[in-house]
Amino acid sequence: MSFFDKVKQGASEAAKKAQQTVEITKFKTQISLKEREIDKIYKLIGESVYTSYLSGDYTRVEDNVKDYCLGIAQINQEITDLEQKITEVRNEKECVCGKTVAADTKFCSTCGHHFA
Ligand SMILES: [Zn+2]
């Protein structure tokens with residue numbers, strides 16, 4: 001490879017890295033927004049339980065709390081998806097043992113898992 005090709009390749013690698021950083025930052029922002037949504041729902045659950053305590057009527061709180069919990073579970077799933085996207089952008093994948101390895105890895109260096 002000529003010197004100029006190497007320089008060009010280096011530049012495009014740098015551009016790719018910069019683009020990756022932008023995308024990862026975007027996903028991380030989305031994750032922290034979702035975590036804030038979950039905090040809000042926790043607060044609503046608490047309010048819902050306390051309102052029932054005040055009124056002495058617990059008949060509706062169970063349904064309300066269940067809806068809130070389903071909401072949290074859904075947001076948690078969305079966060080998992082975003083974390084997965086970050087792993088993909090980084091060109092990595094997660095092994096069954098929990099270790100993060102490069103996307104083209106055939107065998108995990110920690111547990112020996114063979115990637116199909
Ligand atoms: Zn492994």
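**View 1. V7 in helix α1 of a predicted model.** At 43% relative accessibility, V7 counts as partly exposed; the cut-offs are under 20% relative accessible area for buried, over 50% for exposed, and partly exposed in between, with a 1.4 Å probe and protein chains only. V7 sits in helix α1, where helices (H or I, at least four residues) and strands (E, at least two) are DSSP runs numbered from the N terminus. Between the C-alpha atoms of V7 and I75 there are 44 Å, with 68 residues separating the two along the chain. A word on ground rules: this is a predicted model, so local features need pLDDT of at least 70 and side-chain atom pairs count only at pLDDT 80 or more, while totals for chains, interfaces and linings use all residues. Residues are numbered from 1 along each chain as its sequence is written, and side-chain values use heavy atoms, with hydrogens and water left out.

**View 2. The whole chain, for orientation.** Two kinds of element show up here, 2 helices and 2 strands, and reading along the sequence gives α-α-β-β. The C-alpha trace spans about 80 × 35 × 15 Å along its principal axes. How does the radius of gyration of the chain sit against that of a compact globule of 116 residues? The chain comes in at 23 Å, whereas the globule would be near 13 Å; the radius is taken over C-alpha atoms, and the globule rule is 2.2 Å times the number of residues to the power 0.38. Of the 116 residues, 19% are buried. Among contacts (heavy atoms within 4.5 Å) with a separation of 6 or more, 42% come from residues 24 or more positions apart.

**View 3. The largest nonpolar core.** Here a nonpolar core means a set of buried Ala, Val, Leu, Ile, Met, Phe, Trp, Tyr and Cys residues joined through side-chain atoms within 4.5 Å. The largest one has 12 residues: I24, F27, I31, I38, I41, I45, I72, I75, I79, L82, I86 and V89. The elements giving two or more residues to this core are α1 (3-55) and α2 (61-89). Zoom in on I31 and, once residues up to four places away in sequence are set aside, you'll find it touching I79, L82, E83 and I86.

View 4. I24 belongs to helix α1 and counts as buried because its relative accessibility is 11%. Skipping residues up to four places away in sequence, I24 touches I86, V89 and R90. If you look from I24 to S2, the C-alpha atoms are 33 Å apart, for 22 residues along the chain.

**View 5. S52 in helix α1.** S52 lies in α1. Buried or exposed? S52 is buried, since its relative accessible area is 6%. Leave aside its neighbours within four places in sequence, and the contacts of S52 are D57, Y58 and V61.

**View 6. E62 in helix α2.** E62 is part of α2 and is exposed, with a relative accessible area of 57%. E62 and Q30 are 30 Å apart C-alpha to C-alpha, and 32 residues apart in sequence.

**View 7. N91 in the loop between α2 and β1.** That loop is where you'll spot N91. N91 isn't a glycine, yet its phi is positive, at about 65 degrees.

**View 8. The zinc site.** Which protein atoms are the donors of the zinc ion? They are the SG atoms of C95, C97, C108 and C111, lying 2.3 Å from the ion; donors are N, O and S atoms within 2.8 Å of the metal (3.2 Å for Na, K and Ca), and water is not among the atoms, so sites may look incomplete. The 4 donor atoms subtend angles of 105 to 113 degrees around the zinc ion, so the arrangement is tetrahedral, a label that asks for four donors with all angles between 85 and 135 degrees. In sequence the donor residues follow the spacing C-x1-C-x10-C-x2-C. C95 is buried, at 4% relative accessible area, and C108 is buried with a value of 4%.

**View 9. C69 and the disulfide count.** C69 counts as partly exposed, given its 39% relative accessibility. With a disulfide taken as a pair of cysteine sulfur atoms within 2.5 Å, the count comes to 0.

Definitions and conventions:
Four donors count as tetrahedral if all angles lie between 85 and 135 degrees; four count as square planar and six as octahedral if opposite donors are over 155 degrees apart and all others between 65 and 115; anything else is irregular.
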